[in-house]
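Please keep the sequence and the structure at hand while reading.

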Amino acid sequence: MPSSQIESVSHFDSRHMNILLYTRENLNILTPSPAVETFVPHLSSIQHLQFDNTNIGSDSIRAVAKFCGSTLRTLRVRECSSITSESCGWMAGAIGHNTPRLRKLQALDIASTQVDDRGLAFLSKGLPRLKYLDLSYCVRLLDRGVGNIISKGRGCANILNMRGTSIGDYAVENICQVMTGLIHLNLSQCGSITNRSAKSIGMLAQLETLSLEGATAINDVGLGMICNRPKLNLLNITGCNISRKSLMAVIESLDYVCEATHFLGFLIRSSAAKVSVLRNQAEERLHREKNQAVHKLQRVWKEKRNTIQEIRISQERKHNRAASIIQLQLLNCMSLWQIGCARRLSMTLQPQVRGWLARRYVRKMIAQYRIESQYATLVQKHYRGSYVRSRDHLVMPAVLALRANRLHEKRSTAAIRIQCLFRLTLAIMWFRNLHYDFKKRINASNCYAVIQTKCH
């Protein structure tokens with residue numbers, strides 16, 4: 001082993017530990033090592049540590065957090081029976097006051113350890129950058145405890161492995177509500193989950209890989225709830241109460257997956273096929289939304305036109321009723337001689353009144369039509385502009401370049417103004433200093449003249 005790789009740990013006795021060190025950033029401890037607390041202080045720049053099936057405990061984890069907390073990104077302590085919730089507390093810096101923690105840790109594997117709900121609470125609060133978490137076969141984790149802890153945490157993990165745990169629907173619902181960015185989820189051999197969990201899993205928009213092996217309570221209804229998202233690449237439903245007919249129907253609906261050969265489920269056929277299917281679906285959805293918007297505009301314009309026609313008809317009825325009432329009043333209040341005069345007068349007035357009302361109505365309709373035409377033109381321009389910008393790849397660069405030029409001009413103008421203001425400020429300060437020096441010299445000369453006169 002080159003000495004440049006192991007550096008300061010080369011003086012340790014090989015009888016006490018067996019170390020396989022490929023690079024200074026990757027350390028695998030393959031056999032139980034009682035000297036972990038001794039050599040860890042010399043690995044301050046380590047990034048990846050692996051302790052598989054060793055007897056390390058809380059003291060070793062505390063040493064790792066103390067000396068490697070600022071650089072360590074991956075920690076694997078699988079099948080370490082001495083790893084407990086206290087060890088998780090040292091990892092997250094939750095034990096003691098101002099204790100160091102693994103603040104840059106991104107991947108943690110604590111499978112088959114003695115971690116319980118208390119340890120998971122430490123991890124959810126103290127490790128904000130954690131992206132990968134393996135809790136498989138941690139038999140001390142309970143459904144209610146995991147659900148309550150996850151509901152209060154940050155939920156930043158993208159890959160979660162809960163294989164062989166005793167969690168149920170309550171924990172899975174909280175996981176799906178908090179960890180909305182999950183990409184890979186393993187719930188194999190979790191026999192307590194049902195279609196209620198499948199409904200929550202179906203709400204994960206970024207999920208690509210899912211394993212439900214051994215979940216006997218999930219049936220065809222749950223499969224339909226899970227597969228309503230188009231990004232799912234792999235699904236393992238071996239041991240579930242799901243028929244092959246339903247599985248084939250889901251595979252045909254997704255288009256870019258095929259039936260798996262080694263387990264019951266499906267796999268992605270090819271990345272290009274998935275990209276093509278998702279692009280076509282996005283284009284169809286965009287086209288459908290635009291058609292819906294156009295139909296909605298047309299419906300609104302039709303309703304408005306019908307409303308205008310109804311208003312016009314009601315106004316004509318009101319005008320005719322008013323003219324009839326005027327005629328009846330004139331006929332009832334005047335004598336026969338006056339009736340003739342009133343009839344002639346009413347016959348003369350009716351055309352003038354009706355013409356005036358018609359002209360006023362026409363002017364109002366013309367003004368309203370102009371306003372509606374302006375609004376319709378603006379809507380059409382906006383719709384055509386957005387459609388052209390989304391379709392034409394040559395227009396967007398020109399628009400972006402124009403916006404960048406305008407922004408550059410604004411910033412240049414602001415910089416010039418700031419420079420002018422700064423120069424003006426410097427000039428004022430310079431003149432003030434000159435004035436102060438001038439006054440000082442005058443005062444000094446006056447004092448010198450007074451002193452000379454007193455001496456004489």
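How many salt bridges does a search of the whole structure find? The search finds nine salt bridges, and the structure should be read throughout as a predicted model.

## Salt bridges between distant parts of the chain

One of the salt bridges joins Arg76 to Asp52, with the closest N and O atoms 3.2 Å apart. The pair links distant parts of the chain, since Arg76 belongs to strand β4 while Asp52 sits in the loop between β3 (48–51) and α3 (58–68), 24 residues apart. Arg76 is partly exposed, its relative accessible area being 31%, whereas Asp52 has a relative accessible area of 18% and is therefore buried, the cut-off for that word being under 20%.

A salt bridge is also formed by the side chains of Arg244 and Glu259, at 2.8 Å from N to O. Here too the pair links distant parts of the chain, with Arg244 in helix α10 (residues 244–254) and Glu259 in strand β11 (residues 257–259), 15 residues apart. Glu259 is partly exposed, at a relative accessible area of 28%.

Glu372 and Lys304 meet through their side chains in a salt bridge of 3.9 Å, N to O. This pair again links distant parts of the chain, because Glu372 lies in helix α12 and Lys304 in helix α11 (residues 271–333), and the two are 68 residues apart. Is Glu372 buried or exposed? Glu372 counts as buried because its relative accessibility is 15%, while Lys304, with a relative accessible area of 36%, is partly exposed.

Salt bridges that share partners also join Asp52, Arg76, Arg78, Asp109 and Asp134 into one network.

## Cysteines

How many disulfides does a search of the whole structure find? The search finds zero disulfides. Among the cysteines, Cys80 is buried, with a relative accessible area of 0%, and Cys227 is likewise buried, with a relative accessible area of 13%.

## Positive phi angles in two loops

Glu79, a residue other than glycine, has a positive phi value near 60 degrees. Glu79 is placed in the loop between β4 (74–76) and α4 (85–92). With a relative accessible area of 43%, Glu79 is partly exposed.

Ser112 also has a positive phi near 60 degrees, although Ser112 is a residue other than glycine. The loop that holds Ser112 runs between β5 (107–109) and α5 (117–126). Ser112 counts as partly exposed because its relative accessibility is 26%.

## A patch of positive charge

Which residues gather in a patch of positive charge on the surface? The patch consists of Arg359, Arg360, Arg363 and Lys364. Arg359 is partly exposed, with a relative accessible area of 48%.

Notes
Residues numbered from 1 in each chain as written. Predicted model: local features only at pLDDT ≥ 70, side-chain atom pairs only at ≥ 80, totals over all residues. Heavy atoms only, no water. Patch = residues over 30% accessible without salt bridge, like charges linked within 9 Å, V, L, I, M, F, W, Y side chains within 5 Å. Areas by Shrake-Rupley, 256 points an atom, 1.4 Å probe, with all protein chains shown as cover. Salt bridge = Lys/Arg side-chain N within 4 Å of Asp/Glu carboxyl O. Lys, Arg positive; Asp, Glu negative; His and termini not counted. Charge placed at Lys NZ, Arg CZ, Asp CG, Glu CD. Buried < 20%, exposed > 50% of the residue type's maximum accessible area, 1.4 Å probe, protein only. Disulfide = S-S within 2.5 Å. Helix = DSSP H or I, 4+ residues; strand = E, 2+ residues; numbered from the N terminus.
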